[in-house]
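Subject: Structure handover

Hello,

Here is the structure we talked about. Please open it beside this email and follow along.

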Amino acid sequence: MNNLIGNTIKFVKEKLEGAEAGHDWFHIERVWKLSRKIAEKEVCNIDVVELSALLHDIADPKFHNGDETLALKISREFLESENASEDIIEQVLFVIKNISFKNRGDAPKNLPIELKIVQDADRIDAIGAIGIGRTFNFGGFKNNPMYDPNIKPSLNMSKEEYKKSNGTTINHFYEKLLLLKDLMNTSEGKKIAEERHEFMLNFLDQFYKEWNVD
């Protein structure tokens, strides 16, 4: 591991101490490891992949009044303090700016492979057993109802509607999580997502059985 990666890990751990459990250092660590796993099958700049994975949630807009510029500012200041090249900084900031699900409609076409890799890794961590745990954790954090049969999922929400949504945790599966499998960019990402997607479908079947006391 080079010094820049090691220093970034230390910086992110300190910065995210006490963060909401679905967006804490352990989330970052999983995305970083998944990114490296996916990157093994691709031709890419591994430094950009690792730095982007480590910094992608350094200031998640959800926890900073919707501010989408703060993560870019913090990341630039940190990377400049570490004497990273301007080329590396620009590539990392591009990933951070365009990675999120809610911004997918605004992202440019022909995305670089480094963004595709980290985006897949981040989305994979939002599905499967970990994804279910993170979803219920965040729903509890916002005090959203787990499920209400009378509240239907809101499909095809605009970016603004998505940001303001306070629907049920189960609806979030239909509004986002179950859509992620088909949004994967890489063959390795698709393979990992397939298994996790199936796990979520089985979970939902069991959830409804228990909810309806079948």
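α1 and α2 pack against each other at an angle of about 150 degrees, and their axes are 10 Å apart. An axis here is a line fitted to C-alpha atoms, for helices over the stretch in contact, and angles run from 0 to 180 degrees between N-to-C directions. The angle makes α1 roughly antiparallel to α2. The cut-offs are these: under 35 degrees is roughly parallel, over 145 roughly antiparallel, 65 to 115 roughly perpendicular, and the rest oblique. The crossing of α1 and α2 is right-handed. On the α1 side, the contact uses I5, I9, V12 and K13, and on the α2 side W25, I28 and W32. Contact means heavy atoms within 4.5 Å. The helices are DSSP runs (H or I, at least four residues; strands are E, at least two), numbered from the N terminus.

A word on the source. This is a predicted model, in which local features need pLDDT of at least 70 and side-chain atom pairs count only at pLDDT 80 or more, while totals for chains, interfaces and linings use all residues. Residues are numbered from 1 along each chain as its sequence is written, and side-chain values use heavy atoms, with hydrogens and water left out.

Now two further helix pairs. The axes of α4 and α5 come within 10 Å and cross at roughly 155 degrees. α4 and α5 are therefore roughly antiparallel. Their crossing is right-handed. α4 brings A71, L72, S75, R76, L79 and E80 to the contact, and α5 brings E86, I89, E90, V92, L93, I96 and K97.

How do α7 and α10 cross? Their axes come within 8 Å, at roughly 55 degrees. That angle is why α7 and α10 count as oblique to each other. G128, A129, I132 and F136 of α7 meet R196, F199, M200, F203 and F207 of α10.

Next, the core. The largest nonpolar core has 57 residues. Such a core is a set of buried Ala, Val, Leu, Ile, Met, Phe, Trp, Tyr and Cys residues joined through side-chain atoms within 4.5 Å. Buried means under 20% relative accessible area, exposed over 50%, and partly exposed in between (1.4 Å probe, protein chains only). V12, L54, L55, I58, L79, V92 and F173 have the most contacts inside this core. Several helices supply at least two residues each, among them α1 (3–15), α2 (25–39), α9 (169–175) and α10 (187–211). α2 gives the most, with 7 residues. Domain 1 (1–101) and domain 2 (127–213) both contribute, so the core lies between them.

Those domain bounds come from an automatic or database domain assignment. The centres of domain 1 and domain 2, taken over C-alpha atoms, are 24 Å apart. Their contact takes 15 residues from domain 1 and 20 residues from domain 2.

Look at α3 next. Is α3 mostly covered or uncovered? It is mostly covered: 8 of its 10 residues are buried. These are V48, V49, E50, L51, S52, A53, L54 and L55. They pack against α1, α2, α4, α5 and α6. Beyond its neighbours within four places in sequence, L55 is in contact with T8, F11, V12, S75, F78, L79, V92 and I96.

G22 sits in the loop between α1 and α2. G22 counts as buried, because its relative accessibility is 2%. Which residues does G22 contact, leaving aside its neighbours within four places in sequence? They are H27, R134 and N137. The C-alpha atoms of G22 and T135 are separated by 7.7 Å, although these residues are 113 apart along the chain.

K33 is in helix α2. At 46% relative accessibility, K33 is partly exposed.

Most residues other than glycine have a negative phi. N110 has a positive one, near 55 degrees. N110 lies in the loop between α5 and α6, and is exposed at 78%. N143 also has a positive phi, near 60 degrees. It is found in the loop between α7 (128–141) and α8 (159–164). At 67% relative accessibility, N143 is exposed.

Best wishes

Key
A crossing is left-handed if the near helix is turned anticlockwise from the far one by less than a right angle, and right-handed if clockwise.
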